[in-house]
Amino acid sequence: MADPPGCCAACATCLLCPYSCQWITAKKEKRKGLRTTKCDCSWFLFLFCVFLFTLVWLYFAIIILNDLHNFNEFIFKEKKLWFDWSLVLLIATAVLITYSSVLLVLALCLQLCGQPLKLHWLHKILLILTALVVAAAFTGLGIKWAEEWRSAQISLQATGPFLHIGVVGGMTLLAWPLASFFYRTRNTGLKVFLLLVYCTVMIALYLAPLGITSPCIMEENQLPPKPALVGHRGAPMLAPENTLMSLHKAVDCDVQVFETDVMVSADGVPFLMHDEELTRTTNVQAVFPERAALNSTAFNWTDLQQLDAGSWFLERKPFHTVESLSDDDRNQATKQRIPSLGQALEAAKQSNISIMFDLRPENHSDYQNFVNATLGVILQSGIPLQQVLWLPDGFREQVKQQAPGVQQVYGRKRLQNEKEPLLHVNLPYQDMSSEEIRQYRQDNISVNLYVVNKPWLFSVLWCSGVSSVTTNACQVLKEMKHPIWLLPSSTYLMIWIVADCVSFLTILWAFLLLKKCSQRRRPAESETDVLLTKINSLMQE
């Protein structure tokens, strides 16, 4: 389809070999008369689509990292196997995106050099496998972890303006190989089609900011106060979750609320524990192997006190931060035991922080007694009731009557015909839009969203005006004095216009420059053709 121009033979050979998986020099390719066929063009288009597919998956993989600890816990619950799946996710994604990127760059460089795009069959098979792997990953995400699609929508509020500039830049660079192909091919219909498609895409990209919205596009003086931090089971990146050590580490991170989970032992003692079984966060399999699979509430308080609730943290390393713990922290972690609710309330009272908790399991037949036991401990602890945030929905009216000072936190949005106004809501961060957050803030409703670990997500919610966030990474978010980025609308408008103008001029320059080069090349090619014709005639005579 294209006439290969003069090109550095060594460079062309270096490009041909990895792409075609054959050590053939550019001169040999020319002697063989190889050209890029329609089939080759189809494979190049497939390569480009696979690259875009893997690029989108890379974006999703980065977004998923905020919630991947939940996935690790889910796998442990199902398979009793603990592993940091973030390593697998990142390594696999890096391999796929690197492979498709290298192939695409080789193809574009070959096109610029006028060499045939003869993709080897091995690359074709690997590209198909890459597409199938990424498709399977997206399918699994949609089936088992559908809320991550909403996470991706939120992430666009943080990355939209920068993704726009990046895509415009990438499509602008694509103008060079496109212009090279445009001036070499003799198929007029194909020329017109490619040019129309390219121009349509670029016009859409130039106008894309009209549909990009982000809460962080605002004036500096409009920025809401920094959200308060709620320690998710304490500070689980710095200490074993739901332990007194974790509570104290959370206090060091300036959290205002210690979020935890409460269960009630067989003899009526409320204690801190998230999982229904004790296997993940204690050594119950070593101490009570025959009872390890029982519900946490089946153990009495004396049995629970025999369990080590900290060594697992050092052995399984649920977060990468475990590696950087000091010797003193490691020693302290091995001494942790399951704390009672009374001990946690006493520590919260002394540290002057609030405590928010769920009461589990909510479907237990003895749940009302669990509520009574928990209320009894709260009232006996002496902690100011306004420092207690009550999450469970079961028997909420009874709690209001017996402990009217306790703050009621609801795990739902407000209803249209609400009997009494909600003052506090606690929801997954995917469940509230920026507009809803602003509306709740205007109505003096405190909004806490969970679980927020990454600075980009914290920045978006900060700009939206959320009251507080529940986090595993309190030590990271504590250090943030400002959102990652904040742009006045006038500044963003200027960046938008400048980026579009630079892109347009670069594309124009690419087409004009390559047109000039192709015009210079044609006379030389014509003279060469005449000379070859004369030589051929003489040889025939």
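Helices and strands here are DSSP runs, helices of at least four residues and strands of at least two, numbered from the N terminus. The model is predicted. Keep those element numbers in view while you select.

**Stop 1: the E8–H19 loop.** Select residues 446-450 for strand E8 and 455-464 for helix H19. Val 451 sits in the loop between these two elements. Now show the backbone of Tyr 450 and Val 451. The peptide bond joining them is cis, with omega about -15°. Most peptide bonds are trans.

**Stop 2: the E4–H16 loop.** Go to Arg 360 and Pro 361. The bond from Arg 360 to Pro 361 is also a cis peptide, omega near -15°. Pro 361 belongs to the loop that links E4 and H16. For orientation, color strand E4 (354-359) and helix H16 (367-381).

**Stop 3: helix H15.** Select residues 341-351. Which residues of H15 are buried? They are Leu 341, Ala 344, Leu 345, Ala 347 and Ala 348. Look down the axis. These residues lie on the same side of H15, because they cover an arc of only 165° around the axis.

What do the buried residues of H15 pack against?

- helix H10, residues 244-252
- strand E2, residues 257-264
- strand E3, residues 270-272
- strand E4, residues 354-359
- helix H16, residues 367-381

E4 and H16 are the elements on either side of the Pro 361 loop from the previous stop.

Stop 4: Step on to Asn 352, which follows H15. Asn 352 is in the loop between H15 and E4. Its phi is positive, near 60°, and the residue is not glycine. Is Asn 352 buried or exposed? Asn 352 is exposed, because its relative accessible area is 60% and the exposed class starts over 50%.

**Stop 5: the H13–H14 loop.** Select Lys 317, in the loop between helix H13 (311-316) and helix H14 (327-333). Here again phi is positive in a residue other than glycine, near 50°. Most residues other than glycine have a negative phi. Lys 317 has 31% relative accessibility, so it counts as partly exposed.

**Stop 6: helix H6.** Finish at residues 121-144, helix H6. Show the surface and select Trp 121, Leu 122, Ile 125, Leu 126, Ile 128, Leu 129 and Leu 132. Together they make a nonpolar surface patch of about 650 Å². Pick out Ile 128, which is found in H6. Ile 128 is partly exposed, because its relative accessibility is 38%.

Technical notes:
Residues are numbered from 1 along each chain as its sequence is written. This is a predicted model: local features need pLDDT of at least 70, side-chain atom pairs count only at pLDDT 80 or more; totals for chains, interfaces and linings use all residues. Side-chain values use heavy atoms; hydrogens and water are left out. Patches are made of residues with over 30% relative accessible area and no salt bridge: like charges are joined within 9 Å, nonpolar side chains (Val, Leu, Ile, Met, Phe, Trp, Tyr) within 5 Å. Accessible areas come from the Shrake-Rupley method with a 1.4 Å probe; for residues, only the protein chains shown count as cover. A salt bridge is a side-chain nitrogen of Lys or Arg within 4 Å of a carboxyl oxygen of Asp or Glu. Buried means under 20% relative accessible area, exposed over 50%, partly exposed in between (1.4 Å probe, protein chains only). The arc is that of the directions from the helix axis to the C-beta atoms. Contact means heavy atoms within 4.5 Å.
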